[in-house]
Amino acid sequence: MGDVDEGQCGAKDALVEAFSSFGGDALRDVWLFDRGSHEVMYLRDDVERKLSDVDVAKFVDNERYGYITRDTYGDLYYADYKYTVRGFDEFELFRTFLSEDDDRIGTFASFDPTQGRCDYRMLYETIGDVVADYPIEAFAPE
């Protein structure tokens, strides 16, 4: 069981590092979720204070709608869905899924808005490279 924990820790650390390399100091938070649970992987102190007044479970549940929209996009469009970016007045939110099967694991992260950072496709591809190095179970939220 120690190997699984070490692999899981390594996988999750690598995922956070991918987000951190992309966003630098603008990275606010990183989360993993599946259909029934979630785990925060990184949470900047100032964001943690702001989230103290937010129903985090409800916030994560909203991201779970991605399971439905992903399937809907798959039925509607000629191209495969990869990721979603939404802009808010205080941050930008990126969400994607790490696996294609029915037990999909999702991740989302937010970044302070900055000029010039728009290459979310590069972030998506970097996350794909990280996921390829580990079994998908290593990313399951605890």
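A patch, in this notebook, is made of residues with over 30% relative accessible area and no salt bridge, with nonpolar side chains joined within 5 Å. I keep in mind that this is a predicted model.

**Surface.** I looked for a nonpolar patch and found one of about 330 Å², made by Tyr 73, Leu 76 and Tyr 77. Leu 76 sits in helix H3, which covers residues 56-76. Its relative accessible area is 58%, so I noted Leu 76 as exposed.

**Strands.** Next I turned to strand E1, residues 27-33, and found 7 of its 7 residues buried. I then checked its neighbours. E1 runs antiparallel to strand E5 (residues 106-111), with 6 bridges joining them; Leu 27 faces Phe 111 there. E1 also pairs with strand E2 (residues 38-43), again antiparallel, over 5 bridges. Phe 33 has His 38 in E2 as its bridge partner, and the two strands make a hairpin with 4 residues between them.

**Rings.** How many aromatic pairs are there? I got 15. I picked out Phe 59 and Phe 108, an edge-to-face pair with centres 5.6 Å apart and planes at 75°. Phe 59 belongs to helix H3 and Phe 108 to strand E5, so this pair ties together parts 49 residues apart in sequence. Phe 59 is partly exposed at 22% relative accessibility, whereas Phe 108 is buried at 0%.

I also looked up Tyr 134 and Phe 139: their ring centres are 6.0 Å apart and their planes at 85°, so they are edge-to-face. Tyr 134 is partly exposed at 27%, while Phe 139 is buried at 0%.

Last, I logged one aromatic cluster, whose members include Phe 19, Tyr 83, Phe 94 and Phe 111.

Notes: Residues are numbered from 1 along each chain as its sequence is written. This is a predicted model: local features need pLDDT of at least 70, side-chain atom pairs count only at pLDDT 80 or more; totals for chains, interfaces and linings use all residues. Side-chain values use heavy atoms; hydrogens and water are left out. Patches are made of residues with over 30% relative accessible area and no salt bridge: like charges are joined within 9 Å, nonpolar side chains (Val, Leu, Ile, Met, Phe, Trp, Tyr) within 5 Å. Accessible areas come from the Shrake-Rupley method with a 1.4 Å probe; for residues, only the protein chains shown count as cover. A salt bridge is a side-chain nitrogen of Lys or Arg within 4 Å of a carboxyl oxygen of Asp or Glu. Buried means under 20% relative accessible area, exposed over 50%, partly exposed in between (1.4 Å probe, protein chains only). Two strands pair if DSSP finds at least two bridges between them. Rings of Phe, Tyr and Trp (its six-membered ring) pair if their centres lie within 6.5 Å; planes under 30 degrees apart count as stacked, over 60 as edge-to-face and the rest as tilted.
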